[in-house]
Amino acid sequence: MADTIESVLNESRVFQPVPAAQLRFSHWHVPSLDVYKALHAKSLADPDTFWADAANHLAWFKPWSRVLDWNPPDAQWFVGGSLNACYNCVDRHVESGHGEDVGLIWEGEPLSRRTAHPATGSHYAPMHELRWLRYRELQQQTARLGNALKAMGVKKGDVVTIYMPMVPELVIAVLACARIGAAHSVIFGGFAPQAIVERVTDAKSRVIITADGGFRRGEIVELKKNVDEACETLATTPTKVTNVIVLQRTGSRIDWRPGRDVWWHDAVEAASADCPCEPMDSEDMLFLLYTSGSTGKPKGILHTTGGYLTFVNLTARLTFNLIPDAGQVFWCTADVGWVTGHSYVIYGVMSNRVPTLLYEGAPNFPANDRFWDIVARHRVTQLYTAPTAIRTFMKWGDDHPAKHNLSTLRVLGTVGEPINPEAWMWYHTHIGGGRCPVVDTYWQTETGGHVVTPLPGATPTKPGSCTLPMLGIDAAVVNEQGEELPPNQGGLFAIRRPWPGMLRGVFGDRDRFVKTYWSRLKDPATGQPFYFAADGARRDQDGYFWVMGRVDDVINVSGHRLGTMEVESALVSHPGVAEAAVVGMPHDLKGTGICAFVTLKPAWLKANARTPDDALKKELAAHVAKEIGPIARPDSVRFAEGLPKTRSGKIMRRLLRDVAAGVEKITQDTTTLEDFSVVAKLRADEE
């Protein structure tokens, strides 16, 4: 690889773990850095014992005969064992005497009434849509829906597509599929009909579970309408949808297809609540989750039952210090349509018997403090959200969280992309009150759960670093030859050994699975393939990982490789910048130049009597040069009201590369783009 800037940001802040009692924990699962180091070393020296111990936190119908069969790149975990994911998240809690414990807390977006305050006049006096679902009710509802699906011909091994808003029935649908041995394929409710067509066709689904609509910023998202349009296209293909189960959520008018469509309440109420959990082989498919790329059709990432559930149970417990019966309320703000929602809204949290909170709507409806209002009212103890959301909260101002009592919070988590240090500090200071550990988690749809993350009672944290590998994970920064690189040298992030949560394939496409994840990097001594995450990273002198972004987001400037994450972090460290995205652009002299798209803080502009002009562009470019070095100075700075993002909040830098390069027509996959008008505005912004 070409030269890489060795010490990029001058980030020297370190935050030590605090005693468990100070955060009202009875204990830390991993109480010190020394304990972590000993456990991690042991997990790599004797992985069979380590992973067997982790798997024993679950209930198995039949024990396994071998922990692992590894025939690279194929792994079979807990060979011969059988279990059921729904049983582990619901039924075993009922059977152990916790049936009346709350397993799921739900809040809908709409506020159901408006009243007049005697002093201030008309305002929202919220009567929130709330539901508390106990494990016994979840058991009954998943059983009834499971039987309804069976009556429609759904068998073990079939794939059921789920396209729903963030309501309790979405969780019930996921678990009902797991209960009867059908795999679920959840499609995020913001996707358009063509995305549904692609995913249903690939999965060969015959049944779709949806709703008449969902609420988002006070508007109704017409889910059933999108399903109808998709089904019209599918009717001309071999994948004809035979049944659509429709939840009545909004009461909005919908078209009805007799013989195909059935109301959720009719199907469930008519079904028996007697539906034993299907014993599933450890390697039976639990779910498909489709990820989009810049080219080609979406990839159906395949996860199996025993390994995945073992991994998310372990990582949820350790990363967030989950303890049953300790008054905890866990809130992951991700949609269940993404892997974060699968792992850390449902399976990882519910299998640990800690209440999980589900919120339907947007963070700024009816006001910009909705998240903090939810945290305060539900006494949330662990909060898990995205850096993009945190930067948005920063832009909205400090006064919104300051209006609410956030003292119940104990652990803060970030997920989805690397977090820049200034956003990390804002989160730590204004949301965590300077007392809560921040766990900056690194992982992917393909890894199933956290592969690099702080453990809150053990790991000293550094803003911007995801720190150290999860127990059992052999992670490294290597060169193209698979050789581990020395500290502070940028390279390729690789995992050198199998782990239970790893994907088992790309559904129906063996070649894509091997080529995408297992063909680029190999062990130089044995020739065995490494899992390559397509991310660039460096590891500092303390062994901490700093993710530099996707390999195609690393910019080669005059032979120097710069991570977009680190240039963006330098920009956001300027007090006037709310968010930044950096991409490469054609440059006559350098080959590739740096183009920075910057969203400014309106309050800072007003307070400092500044305008988004050429002088400010030069100031920002100089700020980057000061923070990193002259080689990182942006060649172009462009101001943007918003940045193109996926519906999960990730910045779509590949679209920004087209904008920066002046590409006239965008031909890339934009099915995950939240608002295409953002791209149009950027293209119209002539410098």
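**Salt bridges and nonpolar cores**

Lysine 224 and aspartate 228 both lie in helix α7 (residues 223-234), four residues apart, or about one turn of the helix; helices (H or I, at least four residues) and strands (E, at least two) are DSSP runs, numbered from the N terminus. This is a predicted model, in which local features need pLDDT of at least 70 and side-chain atom pairs count only at pLDDT 80 or more, while totals for chains, interfaces and linings use all residues. Residues are numbered from 1 along each chain as its sequence is written, and side-chain values use heavy atoms, with hydrogens and water left out.

Salt bridges
- Lysine 224 forms a salt bridge with aspartate 228, with the closest N and O atoms 2.8 Å apart (a side-chain nitrogen of Lys or Arg within 4 Å of a carboxyl oxygen of Asp or Glu).
- Lysine 224 also meets aspartate 261 in a salt bridge (2.9 Å, N to O).
- Because lysine 224 lies in helix α7 and aspartate 261 in strand β15 (residues 261-263), this pair ties together parts 37 residues apart in sequence.
- Both lysine 224 and aspartate 261 are buried (under 20% relative accessible area, with exposed over 50% and partly exposed in between; 1.4 Å probe, protein chains only).
- The count of salt bridges comes to 36.

Nonpolar cores
- The largest nonpolar core has 143 residues (buried Ala, Val, Leu, Ile, Met, Phe, Trp, Tyr and Cys residues joined through side-chain atoms within 4.5 Å).
- Helix α5 (residues 168-180) supplies the largest share of this core, 10 residues.
- Another core, of 27 residues, lies apart from it and includes Trp331 and Leu383.
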